[in-house]
Amino acid sequence: MWAILMGAALIIGGLLFFFSSALRRRSSDPHQMPQGGSTLEPRHQGIRFLGVCQNWQALTIIAVGVLLLAFGAYL
């Protein structure tokens with residue numbers, strides 16, 4: 001039972017670690033889009049900050065959590 005709980009905690013912690021770069025960003029100032037209208041989206045930002053190279057630690061934590069959830073009943 002403890003292995004399953006630890007697996008769930010690792011998955012939640014890994015997701016928070018994964019999205020911490022997005023959660024830490026301050027909101028941008030409103031600006032006009034070329035198509036018209038205003039937006040709060042930052043200019044020239046893609047989803048690079050969610051890439052595998054920058055977040056391999058979080059993906060490892062999530063993978064360990066998944067393994068504990070999958071095989072926790074057998075431990």
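Trainee: How many helices and strands are in the protein chain?

Mentor: This is a predicted model, in which local features need pLDDT of at least 70, side-chain atom pairs count only at pLDDT 80 or more, and totals for chains, interfaces and linings use all residues. Residues are numbered from 1 along each chain as its sequence is written, and side-chain values use heavy atoms, with hydrogens and water left out. Helices (H or I, at least four residues) and strands (E, at least two) are DSSP runs, numbered from the N terminus. By that assignment the protein chain has 3 helices and 2 strands.

Trainee: Which pattern do they follow along the sequence?

Mentor: The elements are taken in the order in which they are read along the sequence. The pattern of the protein chain is α-α-β-β-α.

Trainee: What percentage of the residues of the protein chain count as buried?

Mentor: Buried means under 20% relative accessible area, exposed over 50%, and partly exposed in between (1.4 Å probe, protein chains only). Of the 75 residues in the protein chain, the buried ones make up 20%.

Trainee: How are H1 and H3 oriented to each other, roughly parallel or roughly antiparallel?

Mentor: Two packed helices are described by the angle between their axes and the distance between the axes. Axes are lines fitted to C-alpha atoms, for helices over the stretch in contact, and angles run from 0 to 180 degrees between N-to-C directions. H1 (residues 2-18) and H3 (residues 56-71) pack at about 160 degrees, with axes 7 Å apart. Angles over 145 degrees count as roughly antiparallel and those under 35 as roughly parallel, so H1 and H3 are roughly antiparallel.

Trainee: Which residues of H1 and H3 make the contact?

Mentor: Contact means heavy atoms within 4.5 Å. On H1 the contact residues include Ala3, Ile4, Gly7, Leu10, Ile11 and Gly14. On H3 they include Gln57, Ala58, Ile61, Ile62, Gly65 and Leu68.

Trainee: How many nonpolar, polar and charged residues has the contact of H1 with H3?

Mentor: Ala, Val, Leu, Ile, Met, Phe, Trp, Tyr, Cys and Pro count as nonpolar, Asp, Glu, Lys and Arg as charged, and the others, Gly among them, as polar. On that scheme the contact of H1 with H3 has 17 nonpolar, 4 polar and no charged residues.

Trainee: How far apart in space are Gln57 and Gly14?

Mentor: Gln57 lies in helix H3 and counts as partly exposed because its relative accessibility is 31%. Gln57 and Gly14 are 43 residues apart in sequence. From C-alpha to C-alpha, their separation in space is 8.2 Å.

Trainee: What distance separates the C-alpha atoms of Leu5 and Leu68?

Mentor: Leu5 belongs to helix H1; at 45% relative accessibility, Leu5 is partly exposed. Along the chain, Leu5 and Leu68 are 63 residues apart. Their C-alpha atoms are separated by 8.6 Å.

Trainee: Is Ser20 buried or exposed?

Mentor: Ser20 is found in helix H2 (residues 20-24), and a polar atom of the Ser20 side chain lies 2.9 Å from the backbone oxygen of Phe17. The relative accessibility of Ser20 is 18%, so Ser20 counts as buried.

Trainee: Where does Val52 lie?

Mentor: Val52 has a relative accessible area of 57% and is therefore exposed. The place of Val52 is the loop between strand E2 (38-39) and H3.

Definitions and conventions. Angles under 35 degrees count as roughly parallel, over 145 as roughly antiparallel, 65 to 115 as roughly perpendicular and the rest as oblique. A polar contact is a pair of N or O atoms within 3.5 Å; within protein, one must be able to donate a hydrogen and the other to accept it, and residues adjacent in sequence count only if both atoms are side-chain atoms.
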